[in-house]
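Student: I would like to learn how to read contacts between aromatic rings. Could you walk me through a case?

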Amino acid sequence: MAYEIRKAAVLGAGVMGATIAAHLTNAGIECVLLDIIPFEFTEADKAQGLTEKSPAWRNRFAESGLAGVLKAKPAGFFTKKNAAMIRTGNFEDNLGWLADCDWVIEVVIENLKIKQELFARVEKVVKPDCIVTTNTSGIPIRDICAKFGPKLKANFLGTHFFNPPRYMKLLEIIPGAETGPELVTYMTRFCEEVLGKGVVVCKDVPNFIGNRIGIFDMSNAIRLMIDRNLKIDEVDAIIGKALGRPGTGIFGLLDLVGLDTGGHVMSNLYEAAPEDEMREVFVPVEFMAKMVELKWLGNKTNQGFYKRTKGADGKKGKLVLDYRTMEYYPATKPQYESVSAARKKADEGVATTLKVMFNGTDAAADLTREYLCDNFIYAANRIPEICDTIVGIDNAMKWGYNHQLGPFETWDAVGVQAAVEVMKRLKKKVPKKIEEMLKKGSGSFYVTKEDGLYFYDFEKKDYVKLEANPRIILLPELKARNRTIRKNQSATLLDIGDGVACLEFHTKMNAVDDGMIEMILESCAIVEKDFSGMVVGSHAANFSAGANVFKVLIGIQMGDWDILERLIAEFQHANMRMKYLSKPVVAAPAGLSLGGGCEMAMHGAKCQPYGETYIGLVEVGVGVIPAGGGCKELMVRLTEGLPEGVIEAGLSLQHVYAKAFENIAMAKVSTSAVEGMELGYIRKTENISLNRDQQLWDAKQAVLGIAKFYRKPKPAMIPVMGENFRGMAEAILYNMRQGNYASDYDVHVSRKVAYILSGGDCAEGTLASEQEILDLEREAFLSLCGEKKTQDRIMHMLNTGKPLRN
């Protein structure tokens, strides 16, 4: 059967249902969102002029769910405009809307009877090839579909999203006994390629993979804390970034998730897994039960394991719970020798910091060893119960719990044999399968061979090649295969096949420096001669956080104005070289793409942004202006769609340049790639990658798609407003200053921005060349660098990481 999803329905408009619907619209899928009608019609409803037949009353729960996700932080939508793609209704009046839906997702309360009754109604409405799924996190799939007809059983499976759906990569697919294998294949591909998820196919067992291993991880840490008489903030200081865990720590994460939610999953596991050898670990400890009783549920109630405070002077504080007395005390920053040693090795990667912690000699190392060994043993014992391979478990923990390494990857990092010896010292039972693996001479779970990555398969008792996804381009793998063309300390040019090169940055935060500029220019020369085109992107969390402001400050302090001017001129030249290269350059921004990073992304022939791209020109925050062509390119973007002769026809450019001025003067940064389009930093004709792992492949296809008939663009001539625009900008700045939205120095810097956007000293209707605007950018940047308040702002940013308003 050929499946195709164009329209979906979400049944249940609670937080999870509404945010799933929002993410579907992020992927361009039209959505129906339904829920129950209110339980009773009240006098308050009547006072609003409603009746029991009013859609505003009958659809209240669905409308409330949609309103909630519109206000949610972090945002569920890429842009609030996506809400127009969702049609709200209720189960009584609008179930018929499901008849033309391609995918129906159930996200109602975790109650088997309610789910079965709803699905009985759904089965009568949906078309024969409709895919029907449940988002259950704990009820067996076999129980939910027990009363389905054969056709629905074949088209039914579990699709367990992790919360929040927009940001959490993991999606667990749980086939039923009669689910068609072609459906599992289709949904895996669809969820990866269209929704951007990391898919793990699970068995129909309690809490599947992610929550089974993840809840044990947290429950185990809580028990060890009590056994070792440690404090909450001490445990979070140890089980954090050094172990490849989120910076929140165990208890910060539980506060984020909610103690009621975490406690429910723990209790559910205890009841649902009677054969689990570690079942008793899942019984919520006494103090957590008391916290739930007191409604100390975490961030949602403003107190949990931690409590934020604000003094009369406005100063913020942080308290931590003493679980013995149930009283809060000021949080500390516990210091441990092993944690400090690991922090010093952070640049070497998490595998190194793990080994430092595991081999330490202090209390933090003692906890680390027992905590990790318990996790290793538990994960090994769950194969093949919950998953047939170690890969599924590792991926679930990385994608669902934001661990940098999964349990078996972590075990490899500290050493399999070394960990087994620790287990024996701690008198823990080493899984038989691990003893057998080591006896065979297999000393690690993963090995890299000439033809790729292999993992140890416990059933086959041998290594099995990990099937490569052709849509995932791994730059480290290409480097290992000698595909490097040119490199320096700041960047590397690689051959990624099919006549396409990739320029990868690797400075800290991918900040722009002279080495990076040098590599852009060298890469352009090589690509122009030997390749069909070039992708600019990497696997780093951030495309580029902007210029290396430390080097700028050093240049200012040394009075090297000629060097500074040359650096700016060379960056402008590098960006223009990419723009006017005879071969197409496709930028692939992701994460922070700020300042100089934004400017580089704007100078490609095309842009292939990741959905989570936070892009903007933020230079005013450190007292300077965008000088790498950012002002110029934003002017080009916002005027390139205007009809010929717009000025001659008497049409004003005020609204166009007011937007550009607002963006730059207020340092606006998008919260998604779609918002980046709305701000003008990304063209609205570009495609967006929702799967970060596949973004470089998408960008490569974009290069290949245009390379054959590519012609470099003609130099742009930009219509400007001259002094008329500066007059308008003064009015905007006056209001900003009077409203205390800008300081006097903000106004001073913004006047420089206005001068650039106006085209300088010229008449309205003048067509300015790109080089003329670049010259204005460079002059303004250098003049601001000579001012003490700009230097103070740069120094403050370097010291605190935050902008200074002076």
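Tutor: Let's look at ring pairs first, and then at charges over rings. Keep in mind that this is a predicted model.

Student: How many aromatic pairs does the structure hold?

Tutor: There are 26 aromatic pairs. Take Phe251 and Phe305, whose ring centres are 4.8 Å apart, with 65° between the planes. Planes over 60 degrees apart count as edge-to-face, and that is the label for this pair.

Student: Where in the chain do Phe251 and Phe305 lie?

Tutor: Phe251 belongs to helix H11, while Phe305 is in the loop between helix H13 and strand E9, so their pairing ties together parts 54 residues apart in sequence.

Student: Is Phe251 buried or exposed, and what about Phe305?

Tutor: Buried means under 20% relative accessible area. Phe251 has 0%, so it is buried. Phe305 is buried too, also with 0%.

Student: Which geometry does the pair of Trp411 and Phe445 have?

Tutor: That pair is tilted, with 55° between the planes and 5.0 Å from centre to centre. It links helix H18, which holds Trp411, to the loop between helix H20 and strand E12, where Phe445 lies, 34 residues apart. Trp411 is buried at 0% relative accessible area, and Phe445 is buried at 0% as well. Both rings belong to a cluster linked by ring pairs, whose members include Phe376, Phe408 and Tyr456.

Student: Which ring does the charged end of Lys307 sit over?

Tutor: The ring of Tyr328, at 5.5 Å from its centre. Likewise, Arg324 lies over the face of Tyr323, 4.8 Å from the ring centre.

Methods. Residues numbered from 1 in each chain as written. Predicted model: local features only at pLDDT ≥ 70, side-chain atom pairs only at ≥ 80, totals over all residues. Heavy atoms only, no water. Phe/Tyr/Trp six-rings, centres within 6.5 Å; stacked < 30°, edge-to-face > 60°. Helix = DSSP H or I, 4+ residues; strand = E, 2+ residues; numbered from the N terminus. Buried < 20%, exposed > 50% of the residue type's maximum accessible area, 1.4 Å probe, protein only. Lys NZ or Arg CZ within 6 Å of the ring centre and 35° of its normal.
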